Amino acid sequence: MLTRFQQLWLASFLSLCFLSMSVAAAEHGSANEAKAMVQKAIDAMKKHGVDATIAEINKRDGQYQDRDLYVVVYDMNGKNLAHLNPKMVGKEMLDLTDVDGKFFIRERIELVKTKGRAWQDYKFVNPTTKQIEPKSMYVEKFENTIVGCGIYK
């Protein structure tokens, strides 16, 4: 049987553990949040046009970035139109590979051409940790663009 002090200490310890896990989980976006970000961008494209939405997505700390979630947009030839990293915008990315040699932009194009929307796994630099991490990107085709948002695992 635990003493009252031990019970209080254990309760405090467990509370801190659960709080730490909650904070850690809150730092990362979820799959549902990633899909919602893509839908938000597509809804804006329908309402305000593709170009205006891309300009908004490319704004630093705008409404299309949340923790480690951010929306990306590519054309159907692999050219980056919108990204968290402004150095990537306007670049032809068709031959980009991840650390395992996976041509993930080519795969992304094929996925939206054949399925319209899909989840894709690859490895990419996490903007919050600055480390290469496994990532799952939700992508959806809208007109002649690929709109995506990914989660780090």
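A residue is called buried when its relative accessible area is under 20%, exposed when that area is over 50%, and partly exposed in between, with a 1.4 Å probe and protein chains only as cover. By this criterion, 39% of the 153 residues in the protein chain are buried. The structure is a predicted model, in which local features need pLDDT of at least 70 and side-chain atom pairs count only at pLDDT 80 or more, while totals for chains, interfaces and linings use all residues. Residues are numbered from 1 along each chain as its sequence is written, and side-chain values use heavy atoms, with hydrogens and water left out.

**Secondary structure**

Helices (H or I, at least four residues) and strands (E, at least two) are taken as DSSP runs and numbered from the N terminus. The protein chain holds four helices and six strands, and their order along the sequence is α-α-α-β-β-β-α-β-β-β.

At least two lining residues come from each of strand S2 (69-75), helix H4 (104-115), strand S4 (117-125) and strand S5 (132-142); S2 contributes the most, with three.

The lining of the largest cavity then divides into eight nonpolar residues, one polar and two charged.

**Salt bridges**

A salt bridge is a side-chain nitrogen of Lys or Arg within 4 Å of a carboxyl oxygen of Asp or Glu. Side chains of opposite charge can pair when their charged atoms come close. The whole structure contains eight salt bridges, including those tabulated here.

| Salt bridge | Closest N and O atoms |
|---|---|
| Asp66 – Arg67 | 3.0 Å |
| Asp95 – Arg106 | 2.2 Å |
| Arg117 – Glu140 | 3.5 Å |

Arg117 in strand S4 and Glu140 in strand S5 are 23 residues apart, and the pair links distant parts of the chain. Glu140 is buried, at 8% relative accessibility. Salt bridges that share partners join Glu33, Asp66 and Arg67 into one network. Within that group, Asp66 is partly exposed at 32% relative accessibility, and Arg67 is partly exposed with a relative accessible area of 33%.

Asp95 forms its salt bridge with Arg106. Asp95 lies in the loop between strand S3 (80-82) and H4, whereas Arg106 belongs to helix H4, so the pair ties together parts that are 11 residues apart in sequence. Asp95 is exposed, at 54% relative accessible area, and Arg106 is partly exposed, at 38% relative accessibility.

**Nonpolar surface patch**

Patches are made of residues with over 30% relative accessible area and no salt bridge; nonpolar side chains (Val, Leu, Ile, Met, Phe, Trp, Tyr) are joined within 5 Å, and like charges within 9 Å. Accessible areas come from the Shrake-Rupley method with a 1.4 Å probe; for residues, only the protein chains shown count as cover. Val99, Val125 and Ile132 make a nonpolar surface patch of about 250 Å². Val125 lies in strand S4 and is partly exposed, with a relative accessible area of 40%.

Key. Ala, Val, Leu, Ile, Met, Phe, Trp, Tyr, Cys and Pro count as nonpolar, Asp, Glu, Lys and Arg as charged, and the others, Gly among them, as polar.
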